[in-house]
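Subject: Structure handover

Hello,

Here is the structure you are taking over. Please open it next to this message and follow along; the findings come after it.

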Amino acid sequence: EPVAKKYFSGGFKGQKIEFRKADPSSLDAAEEHARVSVKLEASKVIPKVRYNGSWEQVVNRELRHYLRNLQDPGPNKVVSDVSLEAFIDLALGKGGLGFLAYETWRAYRDLDHWKAMGVMPLYSFDKDGNKIDWDNRPGFQPVQVQDELGRQSTLSFDVDFKGRKERVYVYWYNANGTPVFLIKHESLFRRLYPGGDEQVIQYGFMGRAYVELMKVLGVSPDVLRLSESQLIFVATAMKNDVEFFRRAGGKSILDGTKVVMTTHTPELAALPSWYDVGALKGLVGDDLVREDIVYAGKVNAAGALGTYADMVNGVSPEHKDITIEAVLPHIADKTTGIQNGSDPDMWRSETLNRLVLEQGIVNVTGQQLFDIGMDQKKKLNAYLRNNGFRGFDDIERPLFAAVRRLVEYKSQAILIPMVKWIVGDPDKDYETPLGVQKGLGANLLLGGEALDGVTFEWVNEFKRLE
C-alpha cells in the first residue's frame, strides 16, 4: 500500500489494482522488482488515461472541434507551423521572430482551404528565472483527455531521446482560431534560448517530440513550416520516422509532408554551424545527425535544412536575392521571397481599431489618423515620465522610434553620429555621415535591452547624448 500511494491519489472502493512502474529508476531498489497487489479503500483514482488518437476523447469542446478538422480536413490542406518562440506570453518570446510566429498563427484562419496548427515548447521558467505556473496562466490549458468511463488526465506521452524515455505533457492555446500545441518538459525545456549545449539539446529534443506529437494527435500535415534553421532536427527526425516505417512496410503519419523553411537574415548568429560532429551527436543523439546533413566535416543548419526543404522563403524580395547569392546558393531554384506580414489588429491602437470597426478601414481619413497619433504621443509621454524617464519637452514634433534588442549585429550604433541631426533645429546645420544637413526637428525614442559588452557602450553613449 505505501508503494501504491506514490502513484495513485485514491482508489475505486474495493477494487484490486496490480501494476508495475514503467520506469524503475525512480523507485527504491527494494521496489524495483516488486509486483504490488493492493486493495485501495479511497474514493477515487486519477489514472493516466490511454489516448487512442481520437478527437472524441478530448474534453475541451473547442479543441475537440479544431482537432477533428485537423485529423479529417476533407478537401482542405493542413499546415503544421513550428517555432521555438512566439509572443503568446512574454516568457515564450524574445525578438521579432516571436512576434512573427504568433501573428502568423493568428492569421491562418483567414486562409481559404487550409487548416492550421502551431507547435512550440512550453518553457518552465521565464527569463528572470521565475518558475511559471502554466495551469493558472490565462489562455493556457492542459489538453485533457478522457476514457470511456469518463476518467480524465492531461495528455502525455514518452519521447525516445538519446536512449532514454522522456515524458512530456501537452498544453494548448487558442491563437485566434489556430490551436497551438505546447510541449512541456520541466528540465529539457527549462527556458527560452538558454545558450550553450543546453540550447542545442533543446533543438534535438524538439525534433523528436514534434514527430511523436503528430503521431499521438493523429494529424498528418500536408505542410510542415519551420520558422528558422535551428529546427533542422525536426526535419531529420521526420525523415528518420518516414524511413523507419517504409523499411517495416508501413507508412509514417508524416510520409508525404512537404517542408517549408524560413530564413530571415544572413547574419551568422541566426545560421548555426557545428564543427565537432561527434560532440553534436552527444548532445542530440546519433540518429538526428544523419550522414546526409554532414558536409565537409561539419553540420550547417541552414544549408542542411535548405537541402531537405521543398521550398525556402526569404521573407522579402531583397532577402531572397541575398539568400540566393550569399547564404544558400545551392538551392536557388526553390527559394522565394514572400514578404513577412504583421497582424494590424494587434499593432493598431485601441482607438484606431474602434474607428476601423465603425467606419471601415478605407473610410478612415488622414486627419483622423493624425489626431489619433497626437493623442497616442501624449499617452506615450505620460508613460515615459511615470516610469522614470524624462519624456519629451515638445510632443508636437515628429517622432522617430527604434525599439529592439541591442545586440552588435543589429547595428543600432549607426544612429549615434546622427542623433544631433535628427533632433536638431531645422534652421541649423549639422555634420552627418552624408555631409552637412539641416536638422530634422524631430523627437527620437530609442529602447531595448543591452545584451553584450559593446551594446552597453552604445547605451552609455546614447544616454550621454540625451
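A helix here is a DSSP run of H or I with at least four residues, and helices are numbered from the N terminus. With that in hand, look just after helix H4, where Gly-218 takes a positive phi of about 70 degrees. Please keep in mind that this is a predicted model.

H4 itself covers residues 196-217, which is 22 residues. From its first C-alpha to its last it reaches 32 Å, close to the 32 Å expected at 1.5 Å a residue. The helix is mostly covered, with 18 of its 22 residues buried.

Because 9 of its 12 residues are buried, H3 is largely enclosed by the rest of the structure. Among the buried ones are Leu-97, Tyr-102, Glu-103, Trp-105 and Arg-106. What do the buried residues of H3 pack against? Their partners include strand E3 (77-82), strand E4 (114-122), strand E11 (223-226) and helix H9 (344-347).

In soluble globular proteins, nonpolar side chains tend to be buried together. The largest core here has 98 residues, and Ile-88, Phe-181 and Phe-233 touch the most other members. H4 gives the most to this core, with 12 residues. Leaving aside residues up to four places away in sequence, Ile-88 touches Tyr-102, Trp-105, Met-120, Phe-140, Tyr-173 and Val-180. There is also a second, separate core of 10 residues, including Ala-442, Leu-444, Trp-458 and Phe-462.

Last, the charged pairs. Side chains of opposite charge can pair when their charged atoms come close. The count comes to 25 salt bridges. One of these joins Arg-225 and Asp-81 at 3.0 Å, N to O. Arg-225 lies in strand E11 and Asp-81 in strand E3, so this pair ties together parts that are 144 residues apart in sequence. Both Arg-225 and Asp-81 are buried.

Asp-158 and Arg-167 also form a salt bridge, with the closest N and O atoms 3.0 Å apart. Is Asp-158 buried or partly exposed? Its relative accessibility is 33%, so Asp-158 counts as partly exposed. Arg-167, with a relative accessible area of 29%, is partly exposed. A salt bridge at 2.7 Å, N to O, joins the side chains of Asp-345 and Arg-348. Finally, Arg-208, Glu-212, Lys-215 and Asp-241 are linked in a network of salt bridges.

Regards

Conventions
Residues are numbered from 1 along each chain as its sequence is written. This is a predicted model: local features need pLDDT of at least 70, side-chain atom pairs count only at pLDDT 80 or more; totals for chains, interfaces and linings use all residues. Side-chain values use heavy atoms; hydrogens and water are left out. Helices (H or I, at least four residues) and strands (E, at least two) are DSSP runs, numbered from the N terminus. The expected span of a helix is 1.5 Å times one less than its number of residues. Buried means under 20% relative accessible area, exposed over 50%, partly exposed in between (1.4 Å probe, protein chains only). Contact means heavy atoms within 4.5 Å. A nonpolar core is a set of buried Ala, Val, Leu, Ile, Met, Phe, Trp, Tyr and Cys residues joined through side-chain atoms within 4.5 Å. A salt bridge is a side-chain nitrogen of Lys or Arg within 4 Å of a carboxyl oxygen of Asp or Glu.
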